[in-house]
Each structure stands twice: as C-alpha cells, then as structure tokens.
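Subject: Structure for you to look at

Hello,

Please find the structure below, with its sequence. My notes on what was found follow it.

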Amino acid sequence: MLDDILEKMIDTVGRSKDEVFQIGEQCRTDFASITDELKDIKEMVARVIDEGDELERKSRFARKRLSEVSQHFQNFSEEQVRDAYEKAHDLQMRLSSNRQNEQRLRDRRDELERRLYSLQSTIHRAEHLCSQISVVMNYLSSDLKRVGEALEDAKQKQDFGLKIIEAQEDERKRLSREIHDGPAQMMANVLMRSDLIDRVYREKGATEAIKEIRDLKMMVRSALYEVRRIIYDLRPMALDDLGLIPTLKKYLSTIEEYNKVTTIDFVNMGHDKRLPSKYEVALFRLVQESVQNALKHAEATNIQVKLEVKKDRITVVVKDDGKGFDMKEKKKESFGIMGMSERVDLLEGEITIDSKIGSGTVILIQVPLTA
C-alpha cells in the first residue's frame with residue numbers, strides 16, 4: 001500500500017514538473033518573439049526620429065519662407081504665396097504625424113521591455129521550481145522506497161512505520177512553511193517591487209528606477225539563498241555528481257553559514273574516492289541527522305565531523321560540545337536515533353552513541369565495505 005501511494009505521489013509530482021517545464025518553454029518562445037519585435041520597434045523608432053529631424057529642418061525653412069512672403073506680399077504672385085503656405089502647412093502636418101508615430105512606437109517599446117522583464121522572471125522561477133521538484137522526486141523515489149522495503153522485514157517495525165509517516169508529514173509541513181515564509185513570500189515581494197519599478201521609472205525617471213532595481217536584486221539573491229538551503233536540506237544534487245566528501249564539505253559549510261553561532265569542523269582522514277550510491281546516500285543522511293540533532297537538541301556551539309574511508313571499512317565520528325542527554329532514559333520522541341540505527345543496520349554496520357548530561361555527545365559509525 002505504501003509503495004502504491006508513493007508511485008501515485010511520484011506520478012503526480014512528475015506531471016506537475018512537466019507542466020512547469022511547458023510553462024517555461026512557452027515563456028522562452030514568447031521571450032524570443034518579443035525580443036525580435038522589440039528589435040524591429042527600436043529600429044523603427046530610430047528611423048522615425050531621423051525622419052522627424054529632417055521634417056523639423058524642412059518645416060523651419062518653410063516657415064521662414066512663408067514669413068518672407070507674408071512680409072513682402074506685393075513682390076510675389078498669388079501662386080507663389082499659395083505654394084509657400086501649402087508647403088509650410090503640409091510639412092507641419094507631416095511633422096505632427098511623425099511625432100505621434102514616434103510616441104506610439106516609444107510606448108510600444110516600453111511595453112515590450114516590461115513584458116520581457118516579466119517573462120524572464122517567470123522563466124527563472126520555472127527553472128527553480130523544476131529543480132526543486134526534481135529534488136523532491138529523487139527524495140520520494142529513493143529514501144522513502146528503502147524505508148518501505150525495511151518495513152516488510154518484521155511485524156515489530158509497525159510502530160516504526162507510523163513514526164516514519166508522521167515524520168514525513170512533519171517534514172512536508174516544515175518544507176511547506178519554509179517555502180511559504182521564505183522564497184514564496186520573497187517572490188511575491190519581487191512581483192510587487194517590479195510593478196513599483198515600472199511606476200518609479202515613469203514618474204521619477206531612470207535614476208530612481210535603477211535604485212529600486214538594485215534593491216530588487218538583493219531581494220532575489222536572498223530568495224535564491226533560501227531556495228539553495230532548502231535544496232541542500234532535502235538532497236544535495238552534488239551527491240550524485242561529485243560524491244560524498246565534496247558534498248559533505250559544502251553541506252556543512254552551508255549549515256555553518258546559516259546557523260551563524262555554531263562552528264562545524266570537517267576532517268577527511270581517508271581516501272577521497274567515490275563510493276557505491278547506497279553508501280554515499282546513507283552516510284550523508286547519518287551525518288546530516290547527527291548534525292541536525294546537535295544543532296536542534298544539544299544546542300552545540302562546536303561540532304566536529306570526521307570521516308575515514310579505508311579499503312574495507314568506513315568510519316564516521318560526529319562530536320559536539322552540547323548539553324548531552326541521559327542514555328538510560330528512554331524517550332518517546334527518539335525517532336531520529338531509531339532511524340539512524342536502521343540505516344546503519346541496512347549497511348551491516350555498527351553505531352555507538354556516548355553522551356552525558358553537560359558533556360556533549362559522540363556518535364561513532366562503522367560500516368564495512370564489501371567487494
């Protein structure tokens with residue numbers, strides 16, 4: 001039943017990703033079309049301005065000629081007077097029409113530029129959403145399926161299964177809340193600020209609009225930082241591309257930067273080499289859970305993570321200077337440690353936790369590497 005639910009979830013998320021991708025592709029098509037039209041409009045504006053300048057020059061000459069004819073009316077024939085008047089009038093009408101056409105083209109140019117900016121923003125949001133959805137699909141199709149297989153081993157894991165479902169819902173709520181309060185809110189502000197920039201440009205000119213654009217860039221940069229942090233919390237894409245050690249370095253550095261008050265030291269004492277996927281994912285999750293526990297529950301100010309990869313064994317040590325806990329006391333909400341133990345068991349390894357109240361916690365994980 002759990003596998004069936006997961007398959008439906010993955011299928012739904014996959015369709016959503018396709019829809020977002022199609023929106024992005026349509027925006028790219030519109031962007032290219034409007035870019036071509038904008039180029040033509042700018043060329044037309046340039047030609048109309050040149051024509052207007054030429055008409056202005058001819059109009060001034062015609063008005064001067066008409067003034068001379070009017071002052072010395074008796075020296076010119078009726079046909080010459082009529083010709084001077086008609087030329088001046090015709091040039092004035094053409095100049096007026098030229099100015100109206102120029103204004104119309106300028107308005108169209110400004111409208112196209114605003115639409116291009118809006119489309120570009122939509123394209124970027126669609127790309128970010130596709131990236132986030134890919135991370136979520138990866139998460140659903142890997143970690144949760146392995147949990148489903150583990151639940152089939154024995155009846156005593158029924159309680160563990162319920163805990164997993166609760167934890168999934170809590171994680172989704174947390175992720176939903178973080179996206180709503182962070183990137184989603186910032187994107188809404190970006191949309192509002194873009195409208196403000198348009199108004200500022202029209203009312204106060206380009207200088208004030210540029211100031212607003214700088215503020216907008218800072219807001220977008222902050223939203224991008226929040227999105228990247230959320231992605232790293234779910235599953236860093238670098239884990240599949242670069243491997244465990246580079247990803248751990250980046251992840252721990254990001255967590256340290258985000259938490260500000262806690263320093264995290266990472267030491268790799270073994271070989272920097274790629275491991276089978278199941279080892280890299282499981283070890284990353286184990287370190288992630290250990291570090292998050294130290295930050296959330298132990299209130300640690302310093303966390304040390306040591307990793308050693310040998311030919312036949314992997315050793316991980318996570319040590320913190322937090323408040324520690326009484327290991328003899330059994331807690332209902334010990335799902336984190338239970339989940340870590342299950343991961344280590346799947347790798348046929350061992351996990352040892354040593355902690356005392358006021359003395360911090362040391363977690364030792366040893367996993368054998370089979371051929």
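This is a predicted model: local features need pLDDT of at least 70, side-chain atom pairs count only at pLDDT 80 or more; totals for chains, interfaces and linings use all residues.

R28 forms a salt bridge with E127, and their closest N and O atoms are 2.7 Å apart. The two partners come from distant parts of the chain: R28 sits in helix 1 (residues 2-71) and E127 in helix 2 (residues 78-151), 99 residues apart. E127 is also partly exposed, because its relative accessibility is 39%.

How many salt bridges does a search of the whole structure find? The search gives 18. One of them joins K87 and D83, with 3.6 Å between the closest N and O atoms. Here both residues belong to helix 2 and lie four residues apart, which is about one turn of the helix. D83 is partly exposed, because its relative accessible area is 35%.

Another salt bridge is formed by the side chains of R274 and E280, at 2.9 Å from N to O. Is each partner buried or exposed, or in between? R274 has a relative accessible area of 42% and is therefore partly exposed, whereas E280, at 3%, counts as buried. There is also a network, in which salt bridges with shared partners connect E56, R60, R99, E102 and R106.

Next, the aromatic rings. The structure contains one aromatic pair. Its members are Y251 and F284, arranged edge-to-face, with 5.1 Å from centre to centre and 65° between the planes. The arrangement is called edge-to-face because the angle is over 60 degrees. This pair, too, links distant parts of the chain: Y251 is in helix 6 (residues 244-259) and F284 is in helix 7 (residues 277-296), 33 residues apart. Both Y251 and F284 are buried.

Now the nonpolar cores. The largest one has 36 residues, and V291, I303, L307 and I314 are the members that touch the most others in it. Elements that give two or more residues to this core are helix 6, strand 1, helix 7, strand 2 (302-309), strand 3 (313-320), helix 8 (335-346) and strand 5 (361-368). Which of them gives the most? Helix 7 does, with ten residues. A separate core has eleven residues, including C27, I34, L38 and I41.

Beyond its neighbours within four places in sequence, I314 is in contact with several residues, among them L275, Y279, L283, L307, I365 and V367.

Strand 5 also pairs with strand 4 (residues 350-355), in the antiparallel sense and over six bridges. Within this pairing, D354 stands opposite V362 of strand 5. The two strands form a hairpin with five residues between them, and G358 in the turn has a positive phi of about 85°.

The last item is H271. This residue lies in the loop between strand 1 (263-268) and helix 7. H271 counts as partly exposed because its relative accessibility is 47%. Leaving out residues up to four places away in sequence, H271 touches I245, V309 and K310. The C-alpha atoms of H271 and K310 are 6.7 Å apart, although 39 residues separate the two along the chain.

Regards

Key:
Residues are numbered from 1 along each chain as its sequence is written. Side-chain values use heavy atoms; hydrogens and water are left out. Rings of Phe, Tyr and Trp (its six-membered ring) pair if their centres lie within 6.5 Å; planes under 30 degrees apart count as stacked, over 60 as edge-to-face and the rest as tilted. Buried means under 20% relative accessible area, exposed over 50%, partly exposed in between (1.4 Å probe, protein chains only). Contact means heavy atoms within 4.5 Å. A nonpolar core is a set of buried Ala, Val, Leu, Ile, Met, Phe, Trp, Tyr and Cys residues joined through side-chain atoms within 4.5 Å. Two strands pair if DSSP finds at least two bridges between them. A salt bridge is a side-chain nitrogen of Lys or Arg within 4 Å of a carboxyl oxygen of Asp or Glu.
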